[in-house]
Amino acid sequence: TMRISDVTVVVYCCCRRLCCRTTEQISERNNELHRLAVALDDAMQQLDNKGSNLSDASPLVRLKAAMSSLKTELRQMELRIGVVSHNLISLSLRDKQAALKDAARKQQGARDAGITQLY
């Protein structure tokens with residue numbers, strides 16, 4: 001027959017084992033919780049980094065500034081090309097006019113020479 005003290009010891013041992021198992025399970029859950037919290041922090045940090053990279057407009061600003069600079073340079077080049085073209089056309093016209101005047105003088109000289117031979 002079991003006495004009350006024996007029953008108390010048995011219950012105490014069962015409770016102690018149950019308490020140890022529960023403590024182990026709590027410890028395992030705490031370790032898992034810590035691991036998940038670290039993984040969550042890492043994921044949040046990666047999201048913050050990606051978010052800041054996505055909201056970072058500095059590459060777009062640099063691209064727009066470069067395009068504006070290229071447009072300005074293109075306008076300046078077009079102006080220079082226009083000036084050079086104008087100068088070339090002017091020089092070409094002067095050369096043609098000079099050649100025509102020279103040809104006219106030669107022709108006039110030839111006529112004058114022919115007239116003087118007649119006299």
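**Overall fold and surface features of the predicted model**

The secondary structure of the protein chain amounts to two helices and zero strands. With a radius of gyration of 51 Å, well over the 14 Å that the globule rule gives for 119 residues, the protein chain is more spread out than a compact globule. These values, like those that follow, refer to a predicted model. The C-alpha trace of the protein chain spans about 175 × 15 × 10 Å along its principal axes. Of the two helices, H1 covers residues 4-55 and H2 covers residues 58-118.

Burial and surface composition were then examined for the chain as a whole. Buried residues account for 1% of the 119 residues in the protein chain, where burial denotes a relative accessible area under 20%. The accessible surface of the protein chain comes to about 11,200 Å², and carbon and sulfur atoms contribute 62% of that surface. A nonpolar patch on the surface is formed by Leu-40, Met-44 and Leu-47, which together present about 310 Å² of accessible area. One of these residues, Leu-47, is found in helix H1; Leu-47 has a relative accessible area of 57% and is therefore classed as exposed, the threshold for that class being over 50%.

As regards charge, the protein chain carries 18 positive and 13 negative charges, whose mean positions are 8 Å apart. Side chains of opposite charge can pair when their charged atoms come close, and the structure holds two salt bridges. One of them joins the side chains of Arg-35 and Glu-32, with an N to O distance of 2.6 Å. Both Arg-35 and Glu-32 lie in helix H1, where a spacing of three residues places them about one turn of the helix apart. Arg-35 counts as partly exposed at 47% relative accessibility, and Glu-32 is likewise partly exposed, with a relative accessible area of 37%.

A salt bridge is also found between the side chains of Asp-102 and Lys-106, at 3.8 Å from N to O, a distance that falls within the 4 Å cut-off applied to such contacts. Asp-102 and Lys-106 are four residues apart in helix H2, so that about one helical turn separates them. In this pair, Asp-102 is partly exposed, with a relative accessible area of 34%, whereas Lys-106 reaches 58% and is therefore classed as exposed.

Methods:
Residues numbered from 1 in each chain as written. Predicted model: local features only at pLDDT ≥ 70, side-chain atom pairs only at ≥ 80, totals over all residues. Heavy atoms only, no water. Patch = residues over 30% accessible without salt bridge, like charges linked within 9 Å, V, L, I, M, F, W, Y side chains within 5 Å. Areas by Shrake-Rupley, 256 points an atom, 1.4 Å probe, with all protein chains shown as cover. Buried < 20%, exposed > 50% of the residue type's maximum accessible area, 1.4 Å probe, protein only. Rg over C-alpha atoms; globule rule 2.2 N^0.38 Å. Lys, Arg positive; Asp, Glu negative; His and termini not counted. Charge placed at Lys NZ, Arg CZ, Asp CG, Glu CD.
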